[in-house]
Amino acid sequence: MGWDGDLPMEQSKFGPIECRAKPVLHDWEVNAFLAQAVSPLAKGKQNLSVHSLKLDRVDARPIHVASLFLRGVSTVLFLLGVCNYPVALKDNLPHSFFDGKLFHYYYMRSKLGSKVRPLCENMEEAYNTFVKLKDVIQSVKEEPKARACSSDTISSGSGTTASTAQLSPHSSSASRNPSAATTAPQSLQSSGRNSQGFPSPYNAPSCSSAGAAGCSFSRSPSVTSSATPKSRHSSSGISEAPKKSAIVPGGIYTDLMRAGIIEDIYRGDNDEVYKWVGRENWTFITTFDVSSDLLEMKNVELICEGIDTFSTISINSVNVGTTDNMFVKYSFPIKGALKFSWQVGSNSLSLSIASPVDKAAEAYKAHEEEYGYPVLPACVPPEYHGECHANMIRKMQASFSWDWGPSFPSSGIWRDIYIRGYNDIHIQDVLVNSKREINGWTTSVRVYLGKTNLHQGTLSVALPELQIQKDLIVDITSNQNGEVYTEGSIFIPLSSGVQSWWPNGEGSQTLYSLKVSFKSDSECDFFKPLRIGFRTVRLIQEPIPGTSTGLTFDFEINGVRIFMKGSNWIPADVLPERLTRSYIRELLESVRDANMNMLRVWGGGIYELESFYELADELGILIWEDFMFACSMYPAKGSFLDSVVAEVRTQVKRLQHHASLALWAGNNENEAALRFNWYGTVNQFETYKSDYVELYVDTVRHTYTFMTMRQTLGTGAHTRGPGLHPNMVNMHFGASTFDETKEGFPYLLYLISVHQSMAVKIQTEFYRRSMSEIFENDEGKIMGALYWQLQDIWPGASWASLEYGGRWKMLHYFAKEFFQRLIVVPYLSINGSDVFCSAVTDESVDQKGNLSVSVLSFDTFEAVFKSEIDVSLSPRSAKVVFQESIEEMLNLVDPERLESMKREVFLWFTLTLGEKVATGFQFLSEPMEFIGLKPFVLEVGYVSLQTSSHFRAEPVVMGVSYGVVFVVLFTLEYQPLSVLTKEWIN
């Protein structure tokens, strides 16, 4: 919704009263460093030799040094995430590869000062920056001091805000970033590209939401001087000046960028520079008109679907309500505050939003004073450069920073806001439940109504595609929470042609429109059509025969137990308003294309936008939905619990009907944080345990039945820290693989990506081959693998398999293969003496075929030994189909050179079951020990990848150093990409 002009309201006696805003485009552009640079390979084919790797760039677009990390006492520095340089497997160099513990490049900023340069113009400059920064870091002997985060050091800026006197930034402040106010050409905006023509992770959002008239924002006058930091991060440019226009849904950072007052928040160290924004109070104001028809209605309400977060709402200087939860839909009666006039803009609306940083600090201090113990943790680690006490307020937890993302605690109207009038009938929400019967489906609906004096009415339920409709005379009742509702059901026979909804890879994703209306003798209201799918979902936890304590953790969809394959979804941008449906579609299509069938929505972000769940329905992606609590203790008292109850009701009602929604889970790692004493809770364990039970068991689960996260799918384990990747690269490839030279630098980045991809592949394949097996410790029978994490919140280093912007990293290509319905998994015994091979299938039928086992030589890639065995697989199972002593296998090749043979050959497995073929490989030594592997030249070309919503060209692989063997195997195993020519060099 764009609030920047006078907009008429659409009014009706019997329908919703809404105002529709005209589209308004943002007048700022995405900085070039967020976009994907054009590779030199796009200019034509190149021969790339491992001995003479060319580092020339055709263009000079910026390279973003996304992160640094420290290793050991010597504080050796490595740069990870030099983006958009064409030295990577199957793609340009991603923004980042690092899947260890994230340390932002701001880690030592207080010590480095101006020597930190987050942007480099070319690869040589990037390397030079790497060398200079390494020297600077090595000269720093002491650890950086933690920033003060206690509540008494964060200024409150509290107070009631008047809507008449406004403060806003000087117009001169916009001159600090002249390009920020430049409107990109419409052709680029509409195509998902910024003004330089590069793909952009988001477009300037259009404003199609319901709302009031033109809106502006300003800094609230009640903010004390202490709320503005006295440093280069201060908001000293804020003073008396004309108000700035705002876009709704939106947020203050987006509005400030659009106004040219601040630069792109993801550039450089802007998370530090713009801390003042989150520490200010802001006021959003607008004017609107009402008609006499609206004022004659019994009920007139202001509907706020999402306010971020602490607001006081006034209409015509009359306080009509307050908000304190980003995730609650609020409804306020406003009829008494409205006035009718023929004058345009006769009514004013003001939302005064308090600083979330200050509110969190106040809540932390008040809790400790009243109850005698703190709600831990007291603050995030200093490396995050975030804000403290996010767990004290109901707001996106990651907006205060996380280990993979920056701190931008926004304020604003982040979802729709509108006025609605009605007399006796208004449908607020509809819950849907479909139950499978022998000869069809029974769909029941519970319809929540607004204030009414009616006791009976006519409920109509229709499925137009199936030509089914039923009108029911129903009674109106209320529950103990004061909610007014009615219920009814409709039967859908199989003879109607109704089809079941299935997850990706298992069948079709058929969806139907469900239309619900309620009417009395004089009035009728229609709820927006819901898209529903007919499916059953069960989480089965039952004893496993042969174990003492084990329980299954199986998802059964439509009566079929299905292995869950997927990843974890975090917020795709720290500012949700910047996300478009097309970008969400691109991300979810990448999930589908990688053969995934489930995503977990992580509990430190947001209950996602409606388009996310709609597209998940369409693409067959099951959703494991966390409630939004993560990695913390939380208050379990009074008003906080009341707010949580409202949150749960809001979100379950909003999302419950989606076919993709498979599970509600209580939180992210909070029980582990308590049990394993992450934050020093051990001395008051029983107190924190009592709060845990009160919040999740007695409040959340009591409000709506859900499954607590006591057992998890096989998610990727966290690594030990920032030094892990170079250590692992050194272990497998040798220290000489990445010398600290200009030539060695890109190789390190490449090998880190290889290491991450191989590590997640091995772990995921272990879970998949364990689906039919029970181990000695009673573990096994694994029925899911969701690796951490899917995508990035900004252009930084993380575990993600998709870059910020959606481009596939190497790991995502690997995921597409290890999540295939048929895979072979070679592996060695713990002592390395035997080799095994498991076959894993997701098919629902018996399968027969053969397994070919070849011993290939590194110097020729030709088989020096080959054998075949017959294989049979049961439906949806894993089975060891090959086991052999390595010594006995190699004896058949050359019994005189057993030890050297382990370094000269590798094993290649090919499983053929009818028309389906799966391949896999197994090394017998570390890559740095390989003998006979010769350098070679790959001629690089492009292949085209087409999805339903977008088209992109991807560069084919090149070879580098010891990583070359992965390139060769990649071209053998991953068919969509092809090497045009291959030439051996002596």
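Reader: Before we start, which residues count for local features?
Author: Since the model is predicted, local features need pLDDT of at least 70 and side-chain atom pairs count only at pLDDT 80 or more, while totals for chains, interfaces and linings use all residues. Residues are numbered from 1 along each chain as its sequence is written, and side-chain values use heavy atoms, with hydrogens and water left out.

Reader: Why is Leu913 called buried?
Author: Buried means under 20% relative accessible area, exposed over 50% and partly exposed in between, with a 1.4 Å probe and protein chains only. Leu913 has 6%, so Leu913 counts as buried.

Reader: What makes Leu822 a contact of Leu913?
Author: Contact means heavy atoms within 4.5 Å. Leaving out residues up to four places away in sequence, Leu913 touches Leu822, Gln847, Lys848, Gly849, Val871 and Leu873.

Reader: What makes a set of residues a nonpolar core?
Author: The residues must be buried Ala, Val, Leu, Ile, Met, Phe, Trp, Tyr or Cys, joined through side-chain atoms within 4.5 Å. The largest such core here has 142 residues, and Ile265 and Leu695 have the most contacts inside it. Apart from it lies another core of 28 residues, including Trp441 and Phe518.

Reader: How do you know that strands E31 and E32 pair?
Author: Strands are DSSP runs of E, at least two residues long, numbered from the N terminus, and two of them pair if DSSP finds at least two bridges between them. E31 (residues 554-557) and E32 are joined by 3 bridges, so they qualify, and they run antiparallel. Phe555, for one, has Ile562 in E32 as its bridge partner.

Reader: Why are E30 and E32 at the edges of their sheet?
Author: The open sheet has the order E30-E31-E32. E30 (537-540) and E32 (560-562) each have a single partner strand, so one side of each is left without a neighbour in the sheet.

Notes
Helix = DSSP H or I, 4+ residues; strand = E, 2+ residues; numbered from the N terminus.
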